[in-house]
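Okay, thanks everyone, let's get going.

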Amino acid sequence: MAYEPPVTDYDEIVENCTCAFCGCNCDDLDYLVKDGHVVGVRHACRLGASKIMEDMDQRLLVPMIRDENGDLVEVDWEAALDKAAELIAGAVRPIFYGWSETSIETMKHGIRLGELVGAVLDNQATICHGPSLQAVQNVGYPVMTLGEVKNRADMCIYTGSNPMNSHPRHMSRYSTFPRGWFRQRGRFDRTVVTMDPKYSDTAKMSDIWVGFDQNGDYGFYNAIRAVLKGKELQQDVISGIAKEDIVELAEAMKNTQFGALFFGLGLTHTISKQRNIDMAIQMVTDLNKYTKWVLMPMRGHFNVNGFNIFMAYEMGFPYGVDFARGYPRYMNGETNTIDLLTRKECDVFMVIAADPGAHYPGGAVKHLAEIPVIQVDIHWGPSTEIADVVLPGSFIGVEAGGTSYRMDGVPIYMKKAIDKPETCRDDEWIMRELLERVQKIKEKEAVASK
Amino acid sequence: MEYILKNGIVYDPANDIAGEKMDVMFKDGKIVSNVSSDAKVLDVTDKIVMPAGVDPHAHIAGPKLVVGRIYRPEDSRKGVTPKTDVCRSESGFSIPSCPATGYRYSRMGYGTVVEAAVPPLEAKHTHEEIMAIPNIDVPPLPLFGNNWFVMQYAKEDRIDELAAFISSWLKIVKGYGVKLVNPCGSEAWGWGMNVHGIDDPAPYWDVTSKEVIRALSKANEMLGLPHSIHVHANDIGHPGNTPTTIGTIDCVKDITKNSGVRNQTIHMTHLQFHIYNGTSWRDVESGAGDVTDYINKNKHVTFDVGQITLDETTTMTADGPHEYSLHALNGLKWANKDIELETSSGLVPFIYSGKSPVHSLMWAIGLELFLGTEDPWQVCLTTDHPNAGPFIRYPRIISWLMSNERRQEMMDNKEVHPWAHRKSALATMDREYDFNEIATITRAGPAKIYGFKDRGALTPGFNADIAVYDLNPNDIDPSREPTAIEAAFGAAMYTIKDGQILVKDGEIVKVVPSHTIWTNVKGFEEQENAIMEKVMPDFNRFYTVKFENYKVHDHFTPYPIVVDVQASK
């Protein structure tokens, strides 16, 4: 990469800003601001910095409605909000999906709207760490905050996860490199293990790489559990790993002082899905008979955990919550977005800070193309192409303040650093407006029916 | 707006009113002694009138609760109710959703509930949940017992600095008082270990639980906080833990109280879990006798019980090692949540059954504590919700306390295992609580223990937080009619909060936002600034958040009640 000179031409520095990219929620960023724009970001990784600095790239700037010719045309806020409210109020089976890249404050209005019209509220967990949450519900949830790892861990394992690419500061800020209270020498005091079929960039940074077979996760972790329980392994090679190596690894894990296992979608979405995670969680639980072990799912979006937490404290369930019957229902396979879309149940879809057009399976996107879609987002993307109403929001943590929950559940208030583009609105404001407009329509309907 | 509650039978222990037929008046949210003739009359002739309930210890908001709700959808599915014109949907039994928590307390006539364990790092989460809970005011207690800074000050006996640290941190996290959970033991769980007894040092820290408890107590009294230290002792749930418990209470006996609003210098929480004699679950016996003997002779201690209700529930505590041992015991799914520099915590679902000898004994020990403590101002009714059972069982516990007949019946017809009477003295205790004592242990006592000067009594000037129950005390024999007692205390005829009628005939009629009650120490600013300067280098090195993003911003407490305390040296 070519050398880029440091940015020196700026008006002010805003310190301690929080990165709105991955689940690391690094809250130590300094924004260099000039003429109301962030021209430089200190401390962030390249993923976070580019998202923050190139926030105007393909930016949605004005509300739009799709006309009869199928073109998105610019309208004023009043018209766009009224159109969206009318669609939501008239819906029989609405889904409000996304939420993982917006604030808790926005969700507070969103859930009220969902309760009012009997919507399904769901987030990206439904296509990401949903199986992890199912496993948590099966066998438990031994977690910690990331500082525990920084201060205590002498062994870190990454499995089915490649933080060097996906969460670039995870290792440097939280787990592997930082010096902690009991780990004054940082990296030198820790053993880092990557368990992944792929020799990933994280594996290159690790002391040990365990390249088990693809889809071999379940068998591999099962074998470690067997060794921990004092069983003799019957096969010489399990999931592509020699028996002796498995025994050696299990012994090493037993003999740590504090171990942390981080797992990503590589574990969640291989063939055994939540059963892989069951096994990993139970392995960690078993290890606690000998020493201290914890684990943590490597959550992707900066507030994906926040939505799960928010829904759990408001209604008791983490995601895929269906209010159609006037009370919350949570049934995996029944009340999740993909299932509802592929069954063609949904008749109005609102997407808030997410891109189902890019991430959903073909069948689900096909149904989305056939029904009205309302998009609340800051960037143009595949979802905009199928949207019928577009409501341009603002960038949490840069242009608007808001609460988010890090992957380990630490709540962080992401402060506002610069003003949003004049024609955009805060997500929170948009959701409150929608709620109030739908309430008015419903009140009118109630009066009319009397 | 003026109201007059007419002809009720009033139990107001703080004002020595025990079952007098009288009117209670309130105006603009406060109790008053006179109202004009325009006052709206609420006829409560011959009904029980009490101050609204005050729960001194429950886990209702915060990160642990959410772990429970996320990983136990089977619990959330119990107690699901449809939304109404007034209420949102409810869900959950042992870990109800936030709206459900508020509604259910309100229906029982409660107005204030203490959230008993707040990890400072995640205090914002607790406050977000408090915002989502309607109808009850919540003072949150931050955890200090395993805080690394606290342990250092305690080790070096730097009480001035510790006091400054506490007064700073109460402001930073918007907390009410000082909570300790398994001091040094939760820190030991950072290494998968525990401490045993109060003289066992935390690994690597070279400081004992006793030193931490004493230091925090001294600092608490130096500041003159409205509540004393609030202690979950070491060795919870271990047979043979009675000496640890008595040792814990006794180790602060010599510390002088510095507060005019409370009587105690130490509050022991869920004491029932801490008084098992014997050496194992085979030879375990009740230690309630030893402990109540001590408590009856010593006035520097108050406690809440943590009464077993014999339900399926979810245990959750900042005592991380204990939750892992519970998992080893019952094999149910284990959740853990350690918080950097501050505490550990864990959860395990638990099925308390009257068929189990140990659970039945625990049930009996809790009741023994209630019945063996002579002064009702020293004991509070709790289930350590949800650890010993959900709070919606309080009315049932009241019915047990008021009816010896019912207790004996439970033992006779094997609703509980014979261990309940073989290994405890419960069968020999025929004391029955009267309504005045019930009012003491559910509202007046806890309010006194927390030093509240605006609730827990029907004194003119106090908040108009009032509960009316559909019972005529002159007409009912609680000893014979436990079912009627349970029904009446479970569905208040009126719950009035700040002068607003929130519940009528057991149904929510109005929903209002909760207040957050926190303590603001004044006159200690210099020491606070000095300590913050000392703390910051370590804070920046060992926490994973920036200080600016650590503190609880004002907008997380939209309806605060700030208790100002003048620090006195």
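So, keep in mind that this is a predicted model. Let's begin in chain A, with an open sheet of eight strands. Reading across, the order is β5-β4-β19-β18-β17-β6-β7-β16, and the pairing is mixed. Which strands sit at the edges? Those are β5, residues 72–74, and β16, residues 321–322, of chain A, each pairing on one side only. If you zoom in on β16(A), you'll see two bridges to β7 of chain A, residues 120–123, in the antiparallel sense. A:V120 has A:D322 of β16(A) as its bridge partner.

Now, over to where the chains touch. On the chain B side we have 47 residues, in contact with 52 residues of chain A. α1(B) gives the largest share of that chain B side, seven residues. Other elements giving two or more residues there include α4 (123–132) and β16 (334–338) of chain B. By class, the chain B side splits into 21 nonpolar, 13 polar and 13 charged residues.

Last stop, two helices in chain B. α9 (242–250) and α10 (288–297) of chain B pack at about 10°, axes 10 Å apart. With angles under 35 degrees counting as roughly parallel, α9(B) and α10(B) are therefore roughly parallel to each other. In α9(B), B:T242, B:T245, B:I246 and B:I249 meet B:D290, B:V291 and B:Y294 of α10(B). That makes four nonpolar, two polar and one charged residues in this contact.

Definitions and conventions:
Residues numbered from 1 in each chain as written. Chains lettered and ligands numbered in written order. Predicted model: local features only at pLDDT ≥ 70, side-chain atom pairs only at ≥ 80, totals over all residues. Axes fitted to C-alpha atoms, helices over the stretch in contact; angles between N-to-C directions. Helix = DSSP H or I, 4+ residues; strand = E, 2+ residues; numbered from the N terminus. Parallel < 35°, antiparallel > 145°, perpendicular 65-115°, else oblique. Contact = placed C-beta atoms within 7 Å. Nonpolar A, V, L, I, M, F, W, Y, C, P; charged D, E, K, R; others polar. Pairing = 2+ DSSP bridges.
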